[in-house]
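Please look over the model below before reading the points. They cover helix packing, the sheet and the confidence of the prediction.

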Amino acid sequence: MIHRKPASVVTRFPANTKLFVLDTNVLMHDPTSLFRFEEHDLYIPMATLEELDNNKKGVSEVSRNARQASRYLDELITPFEADIADGIALEVHGDKSATGRLFLQTEAINGDLPARLPTGKSDNQIIGVVKHLQELYSKRDVILVSKDINMRIKARALGLAAEDYFNDKVLEDTDLLYSGTRRLPQDFWDKHGKEMESWQQSGLTFYRVRGPLCTSLLVNEFVYLEDDKPFYAQVKEVSGKTAILQTIRDFTHQRHSVWGITARNREQNFALNVLMNPDIDFITLLGQAGTGKTLLTLAAGLMQTLEHKTYSEIIMTRVTVPVGEDIGFLPGTEEEKMNPWMGALEDNLDVLNKTDEEAGEWGRAATRDLIRSRIKVKSLNFMRGRTFINKFLIIDEAQNLTPKQMKTLITRAGPGTKVVCLGNIAQIDTPYLTEGSSGLTYVVDRMKGWTHSGHVTLQRGERSRLADYAAEAL
């Protein structure tokens, strides 16, 4: 038997607001999702609460989120226990933009589902609740919100509205992600060259330009014009329709080589300019396999650690997500356990070690030992509570981090530390992350335009003709 709510509740809803029914995986993915639906109402079925209870044990991210979601619900409900059936205002706790109400399932609902769907399964119970609510509130949009693709397919097959949870996505389309570089229009100097001022400082030329394009420029963005005389510059200041551009160092020339490495293309040149700039504390480098992210970062790290003495050591870490089956327990110290994950580090050190042709075999062996003593490999699991002072911190494969993990890592940086995040958002190995919700996408979007951060998306592969062709053809 279906117990219907009193008519007074049905008529109390504001016009044009929707009723979203939350699946458990949404709350376990983002506990703050309770406050992310603006003026719309939320409905939490009993099956969702049961699943939260079943997943609360453990130390994983999912278990922590399940416990946090339960705490939020407890804080919301405790003061208003008598009014649960009428809905609880979300505004009281959390974001003030959440002006809707929270409804909990307070009675048994036996929705008429096809006989083939077993009622014992919690997914089907939630679909039954959505069907019942749609019949009860025929004039409202009742929508199931779930991260489970198959559940959304089942709901739509039954004629019910279902959506993914979009609030965790930084961007709908990753093609819109900030690239850190901008091609200037051919008529740039005609439109922005009037009343232009230029001066020289520390061997670099500065231009103060005025014009309509300046309002859309971001601090530390690289701008370029490919002409007979190519123009490469970095935006240093933006104020209304005025911007200051600074020419960059040419790292494609051997005299500016970094640990024997020179830039092979325009984007690598831009990347070395931010990596070698002591005023930039946070750098993100994106690019597909073979674009030189790790090699350039390590070369810049070694140069500034061993020669310039800006940093005391290089710390390298990465998420240990296997591509295939996990190889299981590894014996040894933290560093030894991390070594199988650090093949990229060893490969790049081999390349960097061969750049010194005159050193001979003994000299190269000594350099290799010196380099290894200055590079520490750390596991992400032991980062909580640490502070790194005067370190060059490299976070490799950063696309596999969640925004929360990324925040935890970046906030480890103490005075004089540079943090470099490397990754390829097209190669995410973590099952619950997408290009739009990855922590790497999140930090690129949030940190752009800050005076002490730089970002470059590397375009051209420089690994080998085989790797470049495979990246395109396969």
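1. Angles under 35 degrees count as roughly parallel, over 145 as roughly antiparallel, 65 to 115 as roughly perpendicular and the rest as oblique. Axes are lines fitted to C-alpha atoms, for helices over the stretch in contact, and angles run from 0 to 180 degrees between N-to-C directions. This is a predicted model, in which local features need pLDDT of at least 70 and side-chain atom pairs count only at pLDDT 80 or more, while totals for chains, interfaces and linings use all residues. Residues are numbered from 1 along each chain as its sequence is written, and side-chain values use heavy atoms, with hydrogens and water left out.

2. Helix α5 (residues 122–136) packs with helix α6 (residues 149–157) at an angle of about 40 degrees, and their axes are 11 Å apart. The two helices are therefore oblique to each other. Helices (H or I, at least four residues) and strands (E, at least two) are DSSP runs, numbered from the N terminus.

3. Which residues of α5 and α6 make the contact? On α5 they are Asp123, Asn124, Ile126 and Ile127, and on α6 Met151, Lys154 and Ala155 (contact means heavy atoms within 4.5 Å). Four of the residues in this contact are nonpolar, one is polar and two are charged. Here Ala, Val, Leu, Ile, Met, Phe, Trp, Tyr, Cys and Pro count as nonpolar, Asp, Glu, Lys and Arg as charged, and the others, Gly among them, as polar.

4. An open sheet of six strands has the order β3-β4-β2-β1-β5-β6, with mixed pairing. Two strands pair if DSSP finds at least two bridges between them. At the edges are β3 (88–89) and β6 (161–163), each of which pairs on one side only. Strand β5 (residues 142–145) runs parallel to β6 and is joined to β6 by three bridges. Ile143 is opposite Ala161 in β6. Helix α6 packs on the sheet and touches β5 and β6; the direction of α6 makes about 160 degrees with that of β6.

5. Helix α8 (residues 266–275) and helix α9 (residues 293–307) cross at roughly 35 degrees, their axes coming within 10 Å. In α8, Gln268, Ala271, Leu272 and Leu275 meet Leu296, Thr297, Ala300 and Gln304 of α9. This contact has five nonpolar, three polar and no charged residues.

6. The protein chain has a mean pLDDT of 83, and 85% of its residues reach 70 or more (pLDDT is the predictor's confidence in each residue, from 0 to 100). Over residues 1–11 the pLDDT is below 50, and this stretch has 21 contacts in the model beyond near neighbours in sequence. Where pLDDT is low, the predicted coordinates should not be read in detail.
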